[in-house]
Amino acid sequence: MERENTSWTIGEKIDELFETRTFFYLHNFERAKEEALQVEPSSPLLAQEKRVLLARINVALGNYEEVIQNCHDDDPIDKVVKWYALYMKNPSERPHILQQVSDLIASNPTGLDQLLIAYMLVHHGNYPQALELLQHHPTLETAALEVEVLLKMNRIDLAKILTERLNQLEGDAVLTHLTTAWVYLAQGSYREAEYIFSELSERHGSSDMLLNGLATAYLGQGKYQESDNILQELISKNPNYAPALVNCIITSCHLSKPQEQIEAYRKQLKRVAPDCFWLKELETFEQSCSHL
């Protein structure tokens, strides 16, 4: 299978951060960091983009203090990066941090500020506000995030329309492939989603997200043992990956695994992701059933 081009060329400009972005989007954060550290930016703008992308990678890796300490309060973008790191680090402080960025939201930020603020809004469940912000300065990444938000809002129809537009404009982009796979999962086209996750893994190497996506596609097709095989491999390497723990619970129920094993997955999920929406929905459903 042929490998994708290692850079995008737009006019005379080459995206020197192409490989870094690719591994970041695929949630292969360690590899993304390695790639970023090898890049020697050819312009101040690219240096800034590298710095912000490296900060996002470190936040994803849980290196919050490293990001916070490297931020300068007199730099507007650094200020947003710091808020983003603090937001992800301290769940109890999130409402306060969102209040801090409210003035920036009112000023219609663009570029890197816009993206980081939008991610905080999405994480907090402020979907309409996030969508409004993302539409101010559209890019491939903002469009992909917009599709993610639409899926969270159960607007598969709108997500599908936007994904079709992305395929027309940026059909070879990794983010387009990922976005298409999420839409396939949402609309029940599990075989098509399986193909995309498998192809991305073959091209770029596996990651927790890609493995879990493939397991989800198998689960949707009723291939419970295949799904479980992947999930067991995944959680043996990363037992704190919440999306995989959700799928472990579902797959274990289909395979009639011991209740003790299922409860162990639930306890682990509650420990690593106490605000997990799926878990709260499950608990609400169980409580309603107990009153019947």
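**Reading helices and buried residues**

Student: Which residues of H3 are buried?

Tutor: Leu46, Lys50, Val52, Leu53, Leu54, Ala55, Arg56, Ile57, Asn58 and Val59 are the buried residues of H3. Buried means under 20% relative accessible area, exposed over 50%, and partly exposed in between (1.4 Å probe, protein chains only). Helices are DSSP runs (H or I, at least four residues), numbered from the N terminus. This is a predicted model, so local features need pLDDT of at least 70 and side-chain atom pairs pLDDT 80 or more, while totals for chains, interfaces and linings use all residues. Residues are numbered from 1 along each chain as its sequence is written, and side-chain values use heavy atoms, leaving out hydrogens and water.

Student: What do the buried residues of H3 pack against?

Tutor: Look for contact, meaning heavy atoms within 4.5 Å. The partners of H3 are helices H1 (18-25), H2 (29-38), H4 (64-69), H5 (76-89), H8 (111-124) and H10 (140-152).

Student: How many Å should helix H3 span?

Tutor: Take 1.5 Å times one less than the number of residues. For the 17 residues of H3 (residues 44-60) that gives 24 Å, and the end C-alpha atoms are 24 Å apart, which agrees. After H3 comes Gly62, with a positive phi near 85°.

Student: What are the values for H16?

Tutor: H16 (residues 242-254) has 13 residues and reaches 19 Å from its first C-alpha to its last, close to the expected 18 Å. Its buried residues include Leu245, Val246 and Ile249. Ser256 follows H16, and its phi is positive too, near 55°.

Student: How do H8 and H10 cross?

Tutor: Two packed helices are described by the angle between their axes and the distance between the axes. The axes of H8 and H10 come within 11 Å and cross at roughly 10°. That makes H8 roughly parallel to H10, a label for angles under 35 degrees. At the meeting place, Gln114, Leu115, Ala118, Tyr119 and Val122 of H8 touch Glu141, Thr142, Leu145, Val149 and Lys152 of H10.

Student: Is Leu219 buried or exposed?

Tutor: At 13% relative accessibility, Leu219 counts as buried. Leu219 lies in helix H14 (residues 208-220). Setting aside neighbours within four places in sequence, Leu219 contacts Tyr224, Ser227, Asn247, Ile250, Thr251 and His254.

Student: And is Arg266 buried or exposed?

Tutor: Arg266 counts as buried, at 16% relative accessibility. Helix H17 (residues 259-272) holds Arg266. Beyond its neighbours within four places in sequence, Arg266 is in contact with Ile249, Leu279, Leu282, Glu283 and Glu286.

How values were computed: Helices (H or I, at least four residues) and strands (E, at least two) are DSSP runs, numbered from the N terminus. Axes are lines fitted to C-alpha atoms, for helices over the stretch in contact, and angles run from 0 to 180 degrees between N-to-C directions. Angles under 35 degrees count as roughly parallel, over 145 as roughly antiparallel, 65 to 115 as roughly perpendicular and the rest as oblique.
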